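New notebook page, new structure.

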Amino acid sequence: MTAHSPAPQRAGFEPGLGSTRPRHTGVRLFLAATWARAYVRIAGSLREPTWIISDAIFPNLGMCAFVLLYRALGAPREYEALAVVGGVLTTYWINVLWGMGAQLYWEKQQGQLQLYFAAPCSLVAVLTGMAVGGLAATMVRSLVGVALGVWVFHVQLAAFSPWALAAVFVLTMVALYALGMTLSSLFLLYGREAWHTANALQEPVYFLSGLYFPIRSLGALGAVAAGILPLTLGTDAIRQVLLGHAARGLLPLPLEALALAGFAVLFLWTARVSLAYLETLSKREGRLTQRWQ
Amino acid sequence: MAVIPSIRAALSRARTAAWLGWQVEGNWADPVLFSIYILARPLATALILAIMYSTVRAHGADPTVFVGFYVANAFHSYVNTVLVGMGWVVFEEREEYETLKYVYASPVGMFTYLAGRSLVKFTLATVSVVVTLLVGWFLLGVRWDWATVQWLPLAASIAAGLASTLFLGFLLAGWSLVLTRSAMVVLEGVTLASYLLCGVIFPIDLLPRPLQAVALGLPFTWWYEALRRFLAGHGTHGVMQRLSDTQVLLALGGASVVFAVLARWGYFAFERRARALGRLDQTTLF
């Protein structure tokens, strides 16, 4: 390259304005980073056929077993509908746990985590992209559970408002994936135990969220769980919209929606704080590039 | 005789592998945390079943039927921990720790190594089964009449069930040797599919007919039915009800022998295939 040749265009930088001015800053950079990470997640999830099968079918196998248990015990059909709704929601919890919570740990294992910290965008934007992409991919896969419920188990739904369903679903998902963003930094701090923690949290959360029975059946424990886990309240709220009185709801629906919104704000804040702490720790101790730590 | 020293050597190697397995499984946490980790999953599932039953008890759910399902669910820990766990050993050694090739090249040998690692998993599964049954008995009211327990058939069925678990574990481990990244999906799939296909918590009559045929071919279906009859005192309704205790035991024994032979042959066939394909040290950065 001679002294008079034009500067080569660099990815992410504005052409014609010199190589030092980035194309995106502020909110635009946040959104661009979010979209970029979401795209990777969606495209990646479509390129691994075995993962499509595992994400779409496996969570529903457990749901089928629990529905058949109700049938074996001679329970009224409305309980089968309760279990189907809960079973569909397990798909999201699994995605939050493994696709969000354990993700930064995987990134470290693969030697990519330091790239996230070195990138000019916020780590919150990266995790938001991961959440948006994961949610989009999981929504498609959870349709398998819906199809099983409708065509195999013939669940009966009450007349419901699609707007109410959409509102409650969005609130639940924002709260749930914000929790996943918080878990991702916590799991990374725990290091090698991330795998075990994610493993150990799966079924206990199914239990505490009342995914296969009305949360009211847990009594006081159910109320405590509802105060900690957004999945508990989200499951109950979605069931109330879809099943009406048969859902045996824990709290009135507007109250649950309000609490879910509160969860969303709280977990988005804790995610931001914990990621900032993680970044500081990574620079101070320099441990994040080491596998097995 | 040369047989005794070779058996002694194999046992010694298996013991070493078991010790190593214990270090791998348990060295990441203190004993209390490790116990919580081991018991959280099976106890949570047991509690889900118990709450489901208590929720619908008022609608006429038969308590004896539920006891049978609870017992089978407790023993299903062996399938989750040992059978699937042996496949995870291969997956972790190759992908996580990248030590599979060293194990394969060592004088211990993969088969003995896997047998040793399975001992730890059997121990952990046994703890899980005992605690789940104790929690059921003392906290959830899942009880049976000890006077009706048929001890000899029960012991025989447990022996056959555990042998089937071990041999199918070898088969799954062999399959994991051939598979790379997809081993994770297969292992998770087997865990969940076995819960559905073996009629752990419902009679297999509720499955579609083709799946019923598959269920009847699996030793675990017969094992759980035997446990219900010989421990809890009641089998399931439907297809199984038409069979006598002896027929159930014979079916369990037959299925176990067939699967043992098939699994041993299959393991070594998979191992040869994995070696030919160069899969023993192939990592995929999953």
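Predicted model: local features only at pLDDT ≥ 70, side-chain atom pairs only at ≥ 80, totals over all residues.

**Entry: chain A overall.** I checked the secondary structure of chain A and found 11 helices and zero strands. Reading along the sequence, I wrote the pattern down as α-α-α-α-α-α-α-α-α-α-α. Chain A has 293 residues, and 51% of them are buried. I also looked at contacts in chain A with a separation of 6 or more: 76% of these come from residues 24 or more positions apart.

**Entry: α1 against α5, chain B.** How do helix α1 (residues 3-26) and helix α5 (residues 110-138) of chain B cross? Their axes come within 7 Å, at an angle of roughly 55°, so I put α1(B) and α5(B) down as oblique to each other. The crossing is right-handed. On the α1(B) side, the contact residues include B:A10, B:A14, B:A17, B:A18 and B:G21, along with B:W22. From α5(B), I noted B:Y113, B:G116, B:R117 and B:V120 among those making the contact.

**Entry: α5 against α6, chain B.** Next I followed α5(B) to helix α6 (residues 151-178) of chain B. Here the axes are 11 Å apart and the angle is about 125°, which makes α5(B) oblique to α6(B). This crossing is right-handed. Among the residues that meet are B:F111, B:L114 and B:F122 in α5(B), with B:L166 and B:F170 in α6(B).

**Entry: a charge over a ring.** B:F111 came up again: the charged end of B:R264 sits over the ring of B:F111, 5.9 Å from its centre.

**Entry: aromatic pairs.** How many aromatic pairs turn up over all chains? My search of the whole structure gave 27. I picked B:Y53 and B:F66 to look at: their ring centres are 4.4 Å apart and their planes are at 5°, so I logged the pair as stacked. B:Y53 belongs to helix α2 (residues 31-56) of chain B and B:F66 to helix α3 (residues 63-96) of chain B, 13 residues apart, and the pair links distant parts of the chain.

Are these two buried or exposed? B:Y53 counts as buried because its relative accessibility is 9%, and B:F66 is buried with a relative accessible area of 3%.

**Entry: a ring cluster.** Last, I traced ring pairs that link B:F75, B:Y78, B:F122, B:F220, B:W223 and B:Y224 into a cluster.

Conventions
Residues numbered from 1 in each chain as written. Chains lettered and ligands numbered in written order. Heavy atoms only, no water. Phe/Tyr/Trp six-rings, centres within 6.5 Å; stacked < 30°, edge-to-face > 60°. Helix = DSSP H or I, 4+ residues; strand = E, 2+ residues; numbered from the N terminus. Buried < 20%, exposed > 50% of the residue type's maximum accessible area, 1.4 Å probe, protein only. Lys NZ or Arg CZ within 6 Å of the ring centre and 35° of its normal. Axes fitted to C-alpha atoms, helices over the stretch in contact; angles between N-to-C directions. Parallel < 35°, antiparallel > 145°, perpendicular 65-115°, else oblique. Left-handed = near helix turned anticlockwise from the far one by under 90°. Contact = heavy atoms within 4.5 Å.
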